[in-house]
Amino acid sequence: MRKSFLSASMGILSMLVFGCDSISGTGADLKIKLKEDGKINCEIVVPEEAGPVAEFAGKELQDVVSQSLGGKVELLKSPGGQKTAIILGNSKQLKEAGVDISKLSRDGFVIKSYKGNILIAGRDSMKDNPEKAMNGGCWGLYFERGTLFGVYEFLERFADVRFYFPGDIGTVIPKHEKLALPECDILEKPDYTVRKFSWLGATSGTVGWMPKVAGSDFKWKNQMYYRWRMETEYLPCCHGLSRLTFLERFSETHPEYFALTQDGRRYKEKDMAHTGQLCLSSGIRAEIYKDAEAFLTGKDASTRNMKHSKYGNRCFWDPSGFQPGYFDIMPQDSFYPCRCEKCQAHYSKGDQATSDYVWGMVVEVAEKLKKNGIPGCVNMMAYTPYRPVPTQEIPDNVRVMVAVGGPWYMDKGDAFKRETAIIDAWRDKLKGKKPWLWNYTCKFAKLAIPDIPASTPMIIGEYYKAMSSHIFGAYMESNALNEEVAHNLFIQNYLNHYVFAKVAWKNSTDVNALLKEHYQKMFGSAAPQMEEAFKMFEKKWLEIVGKPIDTPLGPQSITLSDYDIWEKVYSPGELEKLKALFDKSEELTAKDADSLKRVKFIREKFLAPVIAQRAQYAKNQEAINDLRFYVKEIPSGEKINLDGKLDDPAWKSAAEISLVPHASEKSKKETGIKTKVKALRNGENIYFAFDCEEPEMDKLLSSKREKDDKEIWKDSSVEIFLNPSNDRNIYYQMMINADGSISDLSASKKGGKYSMDWKWNSGAEIAASKGAKGWTVELAVPVKNIPGLKYDRDFPANFNRNRCLSKETNDFAILFTWSPFLKNGFHDIDNFGYITFSEPKSSNIIKNSSFNGEVKNNLLGGKSGWILPGKMKDTEAFSIVDDPFSESGKALLMERKSSENGSFTATQYLPDLKADTEYLLSYAVKVEDLKLGGNRASGAVVNIWDDKNVWFPKNYFVSNMPWSRQGFKFKTGPNTNKPPHKSYITLRIMSASCKAYFSDVKLIPVE
Ligand SMILES: [Zn+2]
């Protein structure tokens, strides 16, 4: 795809190997001088008629080349005649030199020496202004700017400049004492025409580290988008059918256009996930065609009544689905196969028939467009479940994108081969015309892991090289769905993006050499150590990624568990190795300020966040160890009468735990709805009791089901997970709905792999009961049916609830869990709590740790309990509030409405605190409406005085947080409680305004 331009440029490339000074060396070829004898000998010329792109290119060139040559290079409208002129855009000199700009390809350019000057030009939009576009969103970036690309090539090739990421740390501009170049005649164009990644999708949090740019947060991003020479034309292919306002136009008048659901409704309600699923056997096909024809013939969106309710009923063609000449016809995400008879005649016959039917719609629209002489293309993605190549012919006005995992699965053996075979099957189907790709190098689903670098430039480079004969480009999805995960993502991904950009431009790029050059230019003499560190980050991430699986939401990963990530991949030992590499790098660059700054920056952005996450994991593990559910023996003479009513006297003596909302997005909202679990045992059985509060009993979704019905979780139900062997591998799951039906299975989970065995039978006896304000389940599980269970050892367990109401689809069920540490659904066995059969020793030295009782004379729980402030300001208040998730059901709410200096406290003296002893402090906390004051020590915190002040956490809580449990180990000082020291614990708000909730405060000696 590149023209062989020539021996001249080959010569330059080989010279570049020796570094920049060789260009400015003594070679007789280097006739064109830019700087000589310490004097700048060049000027930039942008002729009046060259247009706004060339004008902007002139400013970019002037800015960078002036820094490189150590003095201001002039920017003129015509050559002065004394110096080497670098003439940009479509100039009269270019015509004289015989270059016809209109013959160049999109995004291509020439760099040509002519009569001692340099001409740089490509096809440019004459109406788009890059400087203005820089301040706007992504749709403004789709215009031709060949001249600007030529300027960047010139800077990289001849001045040795590199654009790794925004700002001076990521931009390498070598200082030249002298600079010259040979006669040249360079013609370039990109190998991949589609060159895109989720760059603009990065959320605002990712810009925190960047120097603030006046005007717009987009500015620096868009500048890098230019500098990396990303695509200038957008081929839309992302669920275009969901962007045609079908819901607005037809949900009332033509409900039959929408997919029929299993329960007889139409898939058009707002609360249905990925709503707007279509019935492709309906009249919607004709509407799709009419929309396509209207768009491709240049009709206004109003002619199709294309009112977007999300945008104040404005009529427009959504640019993410429809671009000049391209109409995206891909169905809504998470494809729902319509349950109507006509659709099912196809969908029920398996993958091939399903794909054939969906592509049948595409073919029908495309053929009709052809028949009616409508110009342009329809774009469609091959995406699960319509990824298999269909049997019918595909007309030549269809452009096909194929969704495959991509680079991160290249090292996964069969997965890569399988994906490549799918791509090639499509290429063959299209009679040799290549498709383009949607790839997944993003932190979605199970890969939504914050702060671990997903930096994998080697495999990304190798992948897009290897794909060169299969595809004409790719969209590398590389974003995250939430702020927490996106926070460090952009900077940690910079090499992924840089290498992608370079290989997409030139498929034959030597990736290894490109990276070696990067380490050298960025880190100087620490290049080998930094290269090793980056290689470690890459290897570790690819290990974490695990194998891909195809889902209706695109390919996703079976990732490693938390345990594997933090005990193996990023174990303390591995982190030490990385630390040592950075230490050595800092030592090696101690006298090279630029390189040292870069080493420190990468340490802060790559290594430090991982270390912090590892520390959080360790803290969680301690808290998990602390999470014990005592299953005591039924008091003698008593028994449990299984009737679904929890009124047996024995239950009163049982320990009780509460379930909290699961941390997944949809369950985060606090409903305040209580779920209590109790357990007891005797020689034969373990008894469990669930008490599920339900204010909307009339909407409760539950019915009698067959034993082992796999869809029982779609009912309001509870679940029990037991791992009696304590291996965090083989475990037993029981799901019981509000009607007392049960499905039970055994499962094993190792690494990323699951297997389930529905043959296992708990033999549980169950009684369920529904009341006005809730429902209960009581069950007896025979111990003999739970292999490995012994009463003399603790083992991992968890308890869950699915709250499913009829007004909502199951996608919006609210999930509850006992262990607050679950991350990846209910099977996250690494993060279960423990069942214990031995009575917990009451070693907590905090009195009234769960805030029971009433406040009298500033005291809660008498003199040995909590001491609250006697005199309070108007801006301060405390109260005891309901906390459905604490053991007592109560929490202390402290409220401070001013962020002025000062502290608001609840204190308890600790006469039992011993000197030189290790303790575990743990407590539950929630922070709302936080505004920090000016003081450095500002926020919510717990503070202990042993023989000095200690703070937990050290840095205070400085942002809002939902209920979470915190755990800290510390050792008391030698003079603890020795006069005059009188030890105490204080819950505090320091110099901040907020609501801070505390409950279940425990201070336990570590044995
Ligand atoms: Zn249908």
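**View A. The second largest pocket of the predicted model.** The second largest pocket has a volume of about 890 Å³, taken as the space filled by probe spheres set on the grid points. A pocket is an open set of points on a 1 Å grid over the protein atoms alone, with protein on both sides within 12 Å along at least five of seven lines. Its lining comprises 33 residues, of which Q67, G167, D168, T171 and I173 are the closest to the pocket centre; lining residues have an atom within 4 Å of a point. This is a predicted model, in which local features need pLDDT of at least 70, side-chain atom pairs count only at pLDDT 80 or more, and totals for linings use all residues. Residues are numbered from 1 along each chain, and side-chain values use heavy atoms, without hydrogens and water.

**View B. Elements and residue classes in the pocket lining.** At least two lining residues each come from α3 (52-69), β9 (171-172), α7 (218-227), α17 (511-523) and α21 (593-625). Helix α3 supplies the largest share, 6 residues. The lining contains 14 charged, 13 nonpolar and 6 polar residues, with Gly counted as polar.

**View C. The zinc site.** The SG atoms of C279, C338, C340 and C343 are the protein donors, 2.2 to 2.3 Å from the zinc ion; donors are N, O and S atoms within 2.8 Å of the metal (3.2 Å for Na, K and Ca). Angles of 105 to 112 degrees among the 4 donor atoms make the site tetrahedral, a term requiring all angles between 85 and 135 degrees. Along the chain, the donors follow the spacing C-x58-C-x1-C-x2-C. Both C338 and C343 are buried (under 20% relative accessible area, 1.4 Å probe, protein chains only).

Conventions: Tetrahedral: all angles 85-135°; square planar, octahedral: opposite > 155°, others 65-115°. Buried < 20%, exposed > 50% of the residue type's maximum accessible area, 1.4 Å probe, protein only. 1 Å grid on protein atoms, 1.4 Å probe; cavity = no way out; pocket = protein on both sides within 12 Å on 5 of 7 lines; lining within 4 Å. Helix = DSSP H or I, 4+ residues; strand = E, 2+ residues; numbered from the N terminus.
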